[in-house]
Amino acid sequence: MAPFAPFAGMRVAVVGLGRAGLPAARRLAEWGAEVTAWDDREGARAEAASAGLRVADPAAGFDFDALLLSPGIPHSLPAPHPAAAAARAAGKPVLSDVEFLHRAVRASGSRARFAGITGTNGKSTTTALLGHLLARAGVPCAVGGNLGPAALDMPLLGDDGVYVLEMSSYMLERIATLRFNCAAMLNLSPDHLDRHGDMAGYLAAKARIFARQEAGDVAVLGQGDAPTRGLAAGLAARVVPLAEGGVWWEGHLLRDARGEIADLAACPTLPGAHNAQNAAAACAMAMALGVDRATLADGLSTYPGLPHRQEVVRRIGPVAFVNDSKATNADSTAWALSSYPRVVWIAGGMGKAGGIEPLAPFFDRVAEAFLIGRDAAEFATTLAAHGVKHRLCGTLEAAVPLAAQAAMSGAAEVVLLSPAAASWDQFTGFDARGDAFRALVAALPQGMPA
């Protein structure tokens with residue numbers, strides 16, 4: 001049998017050889033493409049060369065059929081990478097690895113379905129939860145994209161399979177033929193505006209998740225903001241709102257038109273109203289993909305949760321230590337603060353536009369804040385204006401024991417790391433920040449004095 005080579009004869013430049021880029025370059029070469037790899041980091045280029053890949057800068061002369069550009073590298077705003085500028089000047093497409101996965105799956109003859117989830121907040125949990133619901137129902141699935149395995153690290157699935165893909169706005173900008181049989185837009189709030197220019201550009205990128213959908217497809221829409229709600233009018237697919245008429249929640253009960261689906265009070269890894277929305281979206285998509293609604297309560301109650309997303313990493317006496325390092329903007333932290341009546345809060349890093357002022361409605365839940373990172377002083381100014389007790393700690397190493405001491409002294413029964421800021425000033429990413437928090441909490445003595 002001839003080897004599977006859907007990209008035979010196609011010349012592809014792969015730029016950005018990180019978590020997704022290097023596996024993509026290897027898989028494309030395995031599938032017949034003529035691959036040229038490049039990264040601005042010398043070490044990454046050396047690793048690609050050692051893997052047998054041709055290494056050259058495509059910006060020096062773009063003689064390729066397409067550019068696969070790492071999502072984190074801009075092709076337009078705020079300034080295009082030289083390779084992207086060269087590709088566009090040559091009239092060649094700039095694509096994501098998910099686009100190549102879709103083409104390969106269809107070239108294999110498989111009718112596997114594609115389910116995509118986007119939104120400013122909640123997409124990782126919804127993606128992982130949908131994958132869990134499908135797996136519990138016995139549906140073959142692969143979960144990845146912006147979460148977990150890179151697209152071209154995923155297996156080829158048969159006709160009964162489902163690809164569950166978290167889709168960032170950066171990835172959605174770079175799809176050309178991919179059609180999602182089932183897609184969800186959870187919410188929209190300001191984020192990544194340097195890459196998209198303004199909110200209109202950001203919304204347009206996110207809305208591409210519904211591109212090429214047909215009448216037999218399903219579009220799940222959050223109802224918490226006007227831009228997301230407003231997408232319904234222009235969609236070809238059947239719209240399922242996360243509200244009455246679709247799937248919704250009343251308190252801790254998840255419902256649809258047929259009645260109760262599950263009691264979320266029995267789902268310990270899905271606390272708060274934001275996770276009720278995530279659960280509603282995942283259930284709406286699961287049912288659209290053929291899962292029997294009677295199995296959903298079991299799937300929700302057995303969902304293990306994701307690291308760095310309201311993850312309870314330890315309890316010392318009455319105090320729970322919660323790692324919500326994934327909260328890199330105020331909107332995400334608002335969901336976390338709304339989940340607990342009283343917290344000792346660790347926050348700070350590289351703040352987004354608007355800082356933490358949007359969190360003012362939740363400041364009465366903060367017993368004391370411990371501030372870290374580049375914009376700690378700016379956060380402190382906001383807290384002082386609202387009369388919130390706070391301390392400037394500088395680093396997470398300094399903040400954790402002080403926050404623990406405050407909580408053990410009776411200030412609150414939750415120590416919440418929910419930074420409302422990016423992590424790159426002190427860490428390589430939110431996951432490294434969360435790992436550091438977990439390690440610092442693990443090092444606290446079990447018998448801390450009150």
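This is a predicted model: local features need pLDDT of at least 70, side-chain atom pairs count only at pLDDT 80 or more; totals for chains, interfaces and linings use all residues.
Me: What makes D97 a buried charge without a salt bridge?
Reply: A salt bridge needs a side-chain nitrogen of Lys or Arg within 4 Å of a carboxyl oxygen of Asp or Glu. For D97, the nearest side chain of opposite charge is R19, 6.6 Å away.

Me: Where does D97 lie, and which residues is D97 in contact with, leaving aside neighbours within four places in sequence?
Reply: D97 lies in helix α4, residues 97–107. With those neighbours left aside, D97 is in contact with A20, A24, L68, A150, A151, L152 and M171.

Me: What makes β1 and β2 a pair?
Reply: Two strands pair if there are at least two bridges between them. Strand β1 (residues 11–15) and β2 have 5 bridges, in the parallel sense, so they count as a pair. In β2, A37 is the bridge partner of V14. From β1 the chain passes through helix α1 (residues 21–30) to β2, in a right-handed β-α-β crossover.

Me: How do you know that β2 and β3 pair?
Reply: 2 bridges join β2 to β3 (residues 54–55), and the strands run parallel. The definition asks for at least two, so this pair qualifies. A37 stands opposite V55 in β3. The chain goes from β2 to β3 through helix α2 (residues 42–50), and this β-α-β crossover is also right-handed.

Me: Which residues touch the most other members of the largest nonpolar core?
Reply: They are L28, F100, Y163, M167 and F180, in a core of 49 residues. The largest share of this core, 5 residues, comes from α4. Not counting residues up to four places away in sequence, F100 touches F7, M10, V12, L28, A66, L68, L95 and L152. Another core, of 40 residues, lies apart and has V220, A262, A276 and L296 among its members.

Me: Why is Q310 called buried?
Reply: Q310 has 10% relative accessibility, and the cut-off is under 20%, so Q310 counts as buried. Q310 lies in the loop between α11 (296–301) and β15 (311–316), and its phi is near 45°, a positive value in a residue other than glycine.

Me: Why does A420 count as buried?
Reply: At 1% relative accessibility, A420 is under 20%, so A420 counts as buried.

Methods
Residues are numbered from 1 along each chain as its sequence is written. Side-chain values use heavy atoms; hydrogens and water are left out. Helices (H or I, at least four residues) and strands (E, at least two) are DSSP runs, numbered from the N terminus. Buried means under 20% relative accessible area, exposed over 50%, partly exposed in between (1.4 Å probe, protein chains only). Lys and Arg count as positive and Asp and Glu as negative; His and the chain ends are not counted. Contact means heavy atoms within 4.5 Å. A crossover is right-handed if, with the strands pointing away from the viewer, the path from the first strand over the helix to the second runs clockwise. A nonpolar core is a set of buried Ala, Val, Leu, Ile, Met, Phe, Trp, Tyr and Cys residues joined through side-chain atoms within 4.5 Å.
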